[in-house]
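Here is a friendly walk through one model, with a stop at some paired strands and then at the pockets. Please keep the viewer open as you read.

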Amino acid sequence: IIELPDIHIDEPSLTNRIIKSRQPILLHRESVESRKKEQVRSIGDEPASYLGVPLLVGQRVIGVIALQRSDEEGLFVDADKRLLVTIARNVSVAVENARLFGQTQARAKQLETLSEIEVALSLSESENELLAAVLTNLPESNPHGCSLSYLHRTGEDIYLDIVGNWLNGQFWDAESLSELEQILISQMPMTDLWINSTGQAVYIEDVDKSDVVGDAVKRQAEEQGWQALVLLPLRTGRRVQAIFVLTWATPHVFTDLERFVFDRVIEPLGAIVTSRRARLAQQQALEEMESLYAASAQLNIAQSYDDVVDVLREFSIFGNDPIFVSLDYFLQRASVNKLPETVEVLSRYDRPGLPPMLDPVYRIDRFETVGKLIEPNKIVVVEDIEQDPRVTEDYKQFFVNEVGARSALFVPLVVGQLWIG
């Protein structure tokens, strides 16, 4: 038995002639010269005797049985041809049955794997368990990374928070994930792959050879250590609300099982993620409501301004390790068009070890930035003092360089229509 080269379907050969005609061929040595004139290719030595018949399923050719000898002429006769045609019919039935059985087994495996993943997803109680539902049921895929990210909109911008991450066999903890929040998607190289997606999986088997990604994605892949990827955009209606990603450290050819699962798990995974985000939002709202009730009760029994600041630090973001919290009262009437001249600090918390940030009474024009930012009708957030164009240089110098502050929050105190601090 020898291994023979593949034959292209359009290449002139006896095999291809049988495939195209669906008829058997019986040849002797005297036919060789005529075949040479037709430039029909032989496989192996030039045959002195040749007999080939097609394997037919209906009118479809699924293969060819060929017998040939190079050292003996006239070995095959018409009786051999008839016998081989009969054998070929039986072989065709057996081969087709085996193929259909294999397809049935493969489809059963696909459906079983998909069902197991869907059950595991439905039982998941955390984002990491959602990742595990896919990873544990595709053990032969052997990815090196897996992540789940939620999208949220703030104003006109869309941000991405990585809420679950598995890398090289380890799940990331909440502290590590907190460093992967608030990523602006317009600054992400892979955004173009899914932002206009119709909800279909995106496959990259070898990022270096892919013609659907640009240099920025290839640089990101090199930095993050992956070469193959499948990305599942999870949609609610027409809007992508989450991204599920699997990565491989080396080029990866996706199997039929993987493509079947990834193409079909998008819908149930998207529905589960939507439901989970709704539950989390409801849970957060309930927690905030409970916190509000508790804070209101404590404020009602507060005996001093210091007690008020203590309540704010206990029940709000003001307690999230601030550098300082200041409760300031306007000594003159204020409005949108007219700020007060002086402000009294009713109470202040300073991080231990730092000197007081403000005098008990100060002029508001001391901090030009504050005068530009504060408003009676909304909370003003400065996420990055150093980069915010609204912040003056003297304010940056004082709060960033001397105090070490990186962000700021200004909340108006309003009684009825009166802005008091």
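Val230 stands opposite Leu246 in strand E10. The model you are looking at is predicted, and this pair is a handy place to start exploring it. Strand E9 covers residues 228-236 and pairs with E10 in the antiparallel sense over 9 bridges. The hairpin of E9 and E10 has 2 residues between the strands, and there Gly237 takes a positive phi near 65°.

E10 also has a partner in strand E4: the two pair in the antiparallel sense, over 6 bridges. To find this pairing on screen, look for Ser149, whose bridge partner in E10 is Ile243. How many of the residues of E10 are buried? Strand E10 spans residues 239-248 and is mostly covered, with 9 of its 10 residues buried.

The largest pocket has a volume of about 1,200 Å³. It is lined by 42 residues, and the closest to its centre are Phe318, Phe324, Ala408, Leu409 and Phe410. Which element gives the most to this lining of the largest pocket? That is E11, with 6 residues. Strand E11 (324-330) is one of the elements that each supply at least two residues to the lining of the largest pocket; the others are helix H9 (305-315), strand E14 (380-382), helix H11 (393-403) and strand E15 (408-410).

The second largest pocket has a volume of about 1,000 Å³. Its lining holds 30 residues, and Leu280, Gln284, Glu287, Glu288 and Ile317 are the closest to the centre. Two or more residues of this lining come from each of strand E4 (145-154), strand E5 (157-167), helix H5 (174-177), helix H8 (256-300) and H9. H8 provides the largest share of the lining of the second largest pocket, 12 residues.

A couple of elements tie these descriptions together. H9 supplies at least two residues to the lining of the largest pocket and gives two or more to that of the second largest pocket. E4, which pairs with E10, also gives residues to the lining of the second largest pocket.

Notes. Residues numbered from 1 in each chain as written. Predicted model: local features only at pLDDT ≥ 70, side-chain atom pairs only at ≥ 80, totals over all residues. Heavy atoms only, no water. 1 Å grid on protein atoms, 1.4 Å probe; cavity = no way out; pocket = protein on both sides within 12 Å on 5 of 7 lines; lining within 4 Å. Points joined across faces, edges and corners; volume = space filled by probe spheres on them. Helix = DSSP H or I, 4+ residues; strand = E, 2+ residues; numbered from the N terminus. Buried < 20%, exposed > 50% of the residue type's maximum accessible area, 1.4 Å probe, protein only. Pairing = 2+ DSSP bridges.
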